[in-house]
Amino acid sequence: MNLATILLAVGFLLSASVASAGSLSVDLRAGSGNPSAPQMGDNLSFHTVIRNDGNAPIDGLIAWISLVQIDKGKEQPLDLEDWSAHKAVTEASIAPGQTLETDWPIRLIQAGEYRVVVSAVSRHGAGLVASPFADFTVRQKPVVESLRVLPVALGLPLMIGGAILWRRRRLYR
Amino acid sequence: MNATSLIARKEAGELLLSQRGFAWLMALAAALSAFGLLLVSNTELSLLDNAQVVYAMVGIVTALGGLLALVVGVDAVAGERERGSLIPLLLTPVSRDTILAGKLGGVAIAWAVMYALALPYLWAVGSTGQNLWQGMVVLGLLGSPVVLGFGFLGMALGARLTSARAGLLMGLVTLMLSASPLLIGPSLRQSTIGRGFDAVNPFSAAVNAFDAVIIDSQTILGQWSHIAVAAIWLFLTLWLARSGFRRIAR
């Protein structure tokens, strides 16, 4: 690693610490009641604590949750519309030392590996403040089971067809 | 047995126990079976798709039910008139309201059989997903007035128009227009005209309620505005059928 790379990395670190040192911090933890091996259809909850560590109030706070899928070949940000009805929180002002605690419920729609993050900005803040990632894996659950569909999809037409034949035989007898 | 239930049983019996009735049931079962079998082969479905499968199937059942009710409704009046059996029926010592109620009962029984036939399919594709039972209930609650309303509309058209073919044609155009929300989706209905159409269209009311309950997990009681639109449609078409039936052969 050459000197320029090291200097660049230090620069990024400094700028990052300034962005988060703007006095806003976001802590993200998975809910204690979350299932250890969640599958499709389960509900998860995440808890954030947004704190004003500075000396001045922070006005116009907006925090929102983001979800990205990280499966190999399926890397993508997800539209949370179907996963959660609670996608953002706003606060008019947070006084110095004050915290804003929020629960973020999520319904697991699709199997895969995911990372969730909560980001926050304020009206006059220098930049975006993001929480640490929380990772989770959603196990596959059979959606349309052939063992249920096939007997119905094949059986009912056969029954009706049998009734038609029986009816015709009675008519022509 | 009173005259109304006698006529209703005769109408439903002719529809369901005849070759034509069996063919109707077979067509419905074949359509739902084809839909179900297509889904079995899809391994990429997410849990949301499961709810959407139930939503789509509920919409299909409502559309097919509306089609059945419309054809039965037109045939119950205009068809009988063309076959020459309506006037003798009107000459029997039974009030026209009683005859009409019997014919309406026949449509209701036919829809009930269709609804019962659809339940195993809904269970088969939706039992591993969300809001299956709510979907079945909302189909009965919103689908029934929409379907029966098309039956009543068919009777009104059959009574007012000179031929069964003209009544059927007008009814089918109305049904296709009304059922268009099944095809064009909610995003294309966000224009002023689309929203206005949605506000008065009973099929839109039913589809929006299906969407809200099955996919968005909202409560059935929260769909009161959609239920009100469907109820207004039912009573409006009932009034049209009744006034049209009273005019026959005057």
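Reply: Start with the nonpolar patch: helix H2 of chain A, residues 146-172, gives it three residues, the largest share. Keep in mind that this is a predicted model. The patch covers about 360 Å² of surface and is made by A:Leu150, A:Leu154, A:Leu158 and B:Leu37. If you want a spot to begin looking, A:Leu150 is found in helix H2 of chain A. With B:Leu37 in the list, the patch has members from both chains, which brings us to the contact between them.

That contact takes in 30 residues from chain A and 27 residues from chain B. Together the two chains bury about 2,500 Å², and 71% of that is on carbon and sulfur atoms. As for salt bridges between chain B and chain A, the count is zero. Polar contacts do turn up: two residue pairs across the interface, both at pLDDT 80 or more.

Now look at the side of chain B that touches chain A. Three helices of chain B each supply at least two residues to that side: H2 (19-40), H3 (47-83) and H5 (96-126). H2(B) gives the largest share, with 11 residues. Sort that side of chain B by class and you get 18 nonpolar residues, eight polar ones and one charged.

Technical notes: Residues are numbered from 1 along each chain as its sequence is written. Chains are lettered from A and ligands numbered from 1 in the order in which they are written. This is a predicted model: local features need pLDDT of at least 70, side-chain atom pairs count only at pLDDT 80 or more; totals for chains, interfaces and linings use all residues. Side-chain values use heavy atoms; hydrogens and water are left out. Contact means heavy atoms within 4.5 Å. Buried area is the accessible area (1.4 Å probe) that two parts lose on being put together, summed over both. A salt bridge is a side-chain nitrogen of Lys or Arg within 4 Å of a carboxyl oxygen of Asp or Glu. A polar contact is a pair of N or O atoms within 3.5 Å; within protein, one must be able to donate a hydrogen and the other to accept it, and residues adjacent in sequence count only if both atoms are side-chain atoms. Helices (H or I, at least four residues) and strands (E, at least two) are DSSP runs, numbered from the N terminus. Ala, Val, Leu, Ile, Met, Phe, Trp, Tyr, Cys and Pro count as nonpolar, Asp, Glu, Lys and Arg as charged, and the others, Gly among them, as polar. Patches are made of residues with over 30% relative accessible area and no salt bridge: like charges are joined within 9 Å, nonpolar side chains (Val, Leu, Ile, Met, Phe, Trp, Tyr) within 5 Å. Accessible areas come from the Shrake-Rupley method with a 1.4 Å probe; for residues, only the protein chains shown count as cover.
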